[in-house]
Amino acid sequence: MTLDFVSGLDLVWALLPEIVLSAWAMAVLLAGVWKTGGSEDEPESVRGLGWLAISGLVAAGVMNGLLYRVNVLGQPTMITIDGLRLFSNWVFLGGAALTILISFPYVTRQRLQAGELYTLILLCTVGMMVMAGTKNLLVLFLALETMSVAAYVLAGFNRRDRRSAEAGLKYLILGAFSSGFLLYGIALVWGATGTVSLPQIAETIEAGAGFTRLLLAGLGLLGIGFAFKVGLVPFHMWAPDVYEGAPTPSTAFMSAAVKAASLVAFLRVLLEAFPDLYVSWYPVVWWLAALTIVVANLIALTQSSVKRMLAYSSIAHGGYLLIAIAAANEVATASLLFYLLVYTVMNVGAFGVLMIVGDHGEDRNGVESYAGFGGKEPVLAVVFTIFLLSLAGFPGTGGFMAKIYLLQGAADSRLWTLAVLLALGTVASYYYYLKVAWYMWMKPARTGDATGPVWAPPSMRAALIASAVVIVYLGVFPGGLLEGARAAAEGLGLIATAGTLGLAP
Amino acid sequence: MSGLIDGLSYESWALHALLWLPLLGLVTVLLGPKDRAKHIAFGWSAGLFVLSLGLWWAFDPAGDLFQLVHDVEWIGAWGVHYALGIDGIALFMILLTTLTMPLAILGSFEYIREREKAFYAMMLLLQTGIIGVFAAMDLFLFYVFFELTLVPMYFIVGIWGGERRIYAAVKFFLYTALGSLLMLVGILYLYLAAREANGVASFHLTALLGAPLSLEEQLWLFAAFALAFSIKVPLFPLHTWLPDAHVEAPTPGSVVLAAILLKMGTYGLIRFAIPLFPDAATHPTVVALMLSLGVIGIVYAAWVAAVQPDAKKLVAYTSVAHMGFVVIGIFALTVNGLQGGLVVMISHGVSTGALFLLVGMLYERRHTREIADFGGLAKVAPLMATALVITALASIGLPGTSGFVGEFLALLGVFERFPTFAVVATTGVIFASYYMLPMIQKVLFNRLDRPENRQVRDLSARELVVIGPLLFLMVALGVYPAPVLERMEPAVRAVVEYVSDGRLGAE
């Protein structure tokens, strides 16, 4: 099939995954109204709604797969069909499906409105998908807001819990603030170049509009907006509180997929609209990456709550990923995509075990709750150990391959200082990830804390075990996915990067 | 024997089997009955040892430098190869591993009482990791296995260790990881340089050997590699993780750590750090630094060992001293020195492994390792006393034991080029008797004045089986080392010649 975007119908075809998912979200919402007539604690209805939502994600995935077969003529900018979009969609859809799959017991026990929760996750996913697929700053902003508004509600979703409400409010205020930066940045860029389409901005700059103060100010504000959304130091202040206070399924989803979407969009904007301003934004991105890696890892060392530790760890991973943007070559873009996929699986998986240990609530997230877990639930403890080792980037896991790939991207642009910082940050992260492992395996369970067997339905166990298998498989045979990521990154890299320009410190 | 090896086409599958069968063993241990875990694990490791003996005949001392070579693409996009092969150096490291593992497992039958399945699974995982380190010819593959050995060792120390086990396990893990992650960045730098020079992306050792590097680059990269390996060795002053890890580790953990894991450091120096960066490795400052640290390690560790009240800690410090001999032997960069270093590696593996096993046996009987708590054991446990005396003498390098051959050759090699260092290092041999013999005296001979010590059982049949082969090797290597030296020599000569050419000079 060929799309040339002459007729408006072609846009519908190009947007099919998003359209299917939006429609499905409405269906889930309606089904939620019918199903939960005051019986929130019925596990069957939660499961039913969950599987309905997952089937929507699968349907969107099928559509996404079909888009690979489409020939595209011309350069549509409102919505594009390229490798970056299609590959990122797998990350978002997979992250959403995994999150829903492991959330059933939590939703049941916390008496959350399953229909609304899953609808919001689907709508948030739609926002991400459009965000990764557009080459237009205004559409990007609309998509980002769709995603963010859903995420604000997800953070404050457990309204009976004060911490969740606080997280929601905090996220809303700071998120709105950062959206303001972003929008102001878009306005200034439009003022300087007269367009909001990324390729046209690049053309205008190439034709001589570069380096005006207006444009640089716009770019700076855009960068601040994205740095807030990704949670990069020093714009990360909201992240630990929000991630800790939000209901754990929301945290899992936000720390993986929302971060992924913001990073992909950030990468696309910088590489497609501002390639000629590389010398201007490269040092900023460099410092953001360096600061994020150092600060997030150091603070994570001191955390005693595993949930908060994972929050800081996710900030640190954002820093690692930013290295790929600073490197700005095709290998780095491919490594970002590969990393995001692996990171989503391992991070959501880790939060899944966190939910089980926390008894699907928020009171047992401290590291001491993990004492003796290895003896009580050896399989889940092994699974969690695999997730932790993968987050730490240990050989034999997908996280290792992702880090190696990222380092290769950095090496191609001669970013050796960042590469060494990544290595040192990883050493620090070994400590805080292993801390959980040593509580699980090396400390006896506390006396007087004798809880019964942990509650994890078979679907949740199966999802976690499957995720661990995927992580190990990618750690041993990453070849296929590597090539997929490499193909998706085609054309998304600069020729003149830090290495060739002699910028790298 | 050679006919049998050819008939089975042993050369084509031996390394793969040695590498991966432990993982199959791991699965059977986990699936098998709980009270049989130790027997299953021992069966696998003993079988693997028998299997590995074939390497002795399959390896032709007059043949190619690297033999039993296999090369399959693993991650094509990056040029990573599943490339295995052994030379005369790796051969003995693998044999040492396959010998030590069953003995360590057999030696833990009484010591490990809880979570047995997990313990033996970790031991077998460790074996895969170690064999991978010694058999890998691809730097990426090597790195994966090098790091992989950390996880089982972390759990072995952390779960089955003594009181401060978590501290020791984490310290061990972080120290080693710090070095190896910086080395990883170095590996990537080297890979990139080789890719730009050859036009082919590859992590294979032969491809990386050709990377053009300036002296400054070589020095930086050598520093990254040498740091990783020196922490593992451990070289003074990076050795502080070792006494903690050894004291807290369960006996089999200590045995494997001392006998094999430390050798991964010196092996890495010989196999990678020196040949890859020859101009850095022969740089006068680098050589002086490494020799000085080695010599300081020898003397300092001997002094520290002499005042340890805890027998296990004493043995731990002797490891630092012995590995110092290996390092000076290596950095003398003479055939004798390198060969001596390798023999010390084998000898130290055998004798220190045996010392840890014996100290563990004492601990099982008396639940203490304080030297002062023992005395007069020779009367009640003559077999154990004999074993301990022979082991101690081999450890301090008495002529006629394996320790002597290695230390003598290493010192000879150093003396050929750096007489001053050799003289100072030789004092370490004297200090060795100063720490070891009083310990033997206090434990075995003094008066049998404590009633508890009268109850000490002599070695059981199982323990004799554990110690016997090690004692045999100590003496055999000391009396007739020629077959070993002959197999090592081509590989050693190749390293020395390659390095003396230098990379910059060759262009």
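Tutor: Let's start with burial: 64% of the 505 residues of chain A count as buried. Keep in mind that this is a predicted model.

Student: OK, what is chain A built from, in helices and strands?

Tutor: Chain A has 22 helices and two strands.

Student: And how far does the C-alpha trace of chain A span along its principal axes?

Tutor: About 70 × 50 × 40 Å.

Student: Why would anyone say the radius of gyration of chain A agrees with a compact globule?

Tutor: Because a compact globule with 505 residues would come in near 23 Å, and chain A has 22 Å.

Student: What share of the contacts with a separation of 6 or more is between residues 24 or more positions apart?

Tutor: In chain A, that share is 83%.

Student: Switching to the interface. How many residues of chain A and chain B are in contact?

Tutor: On the chain A side there are 32, in contact with 33 residues of chain B. In chain A, the residues that lose the most area to chain B are Phe394(A), Trp416(A) and Met442(A), together 21% of what that side buries.

Student: What's the total area buried between the two chains, and how much do carbon and sulfur atoms give?

Tutor: The total is about 3,100 Å², and carbon and sulfur atoms give 80% of that.

Student: How many salt bridges are counted between chain A and chain B?

Tutor: Two. One of them pairs Arg195(B) with Asp412(A), with the closest N and O atoms 2.8 Å apart.

Student: Which helices of chain A each supply at least two residues to the side that touches chain B?

Tutor: Those are α17 (378–392), α18 (398–412), α19 (416–442) and α20 (458–476). The most comes from α19(A), with 13 residues.

Student: How do the residues on that side divide into nonpolar, polar and charged?

Tutor: On the side of chain A that touches chain B, 25 are nonpolar, four are polar and three are charged.

Student: New topic: Thr248(A). Which helix is Thr248(A) in?

Tutor: Thr248(A) lies in α12 of chain A, which covers residues 248–273.

Student: Buried or exposed, and why do you call Thr248(A) that?

Tutor: Buried, because the relative accessible area of Thr248(A) is 0%, and the cut-off for buried is under 20%.

Student: So what is Thr248(A) in contact with, leaving aside neighbours within four places in sequence?

Tutor: Thr248(A) is in contact with Tyr106(A), Lys307(A), Phe351(A), Leu354(A), Met355(A), Gly361(A) and Glu362(A).

Conventions
Residues numbered from 1 in each chain as written. Chains lettered and ligands numbered in written order. Predicted model: local features only at pLDDT ≥ 70, side-chain atom pairs only at ≥ 80, totals over all residues. Heavy atoms only, no water. Contact = heavy atoms within 4.5 Å. Buried area = accessible area lost by both parts, 1.4 Å probe. Salt bridge = Lys/Arg side-chain N within 4 Å of Asp/Glu carboxyl O. Helix = DSSP H or I, 4+ residues; strand = E, 2+ residues; numbered from the N terminus. Nonpolar A, V, L, I, M, F, W, Y, C, P; charged D, E, K, R; others polar. Buried < 20%, exposed > 50% of the residue type's maximum accessible area, 1.4 Å probe, protein only. Rg over C-alpha atoms; globule rule 2.2 N^0.38 Å.
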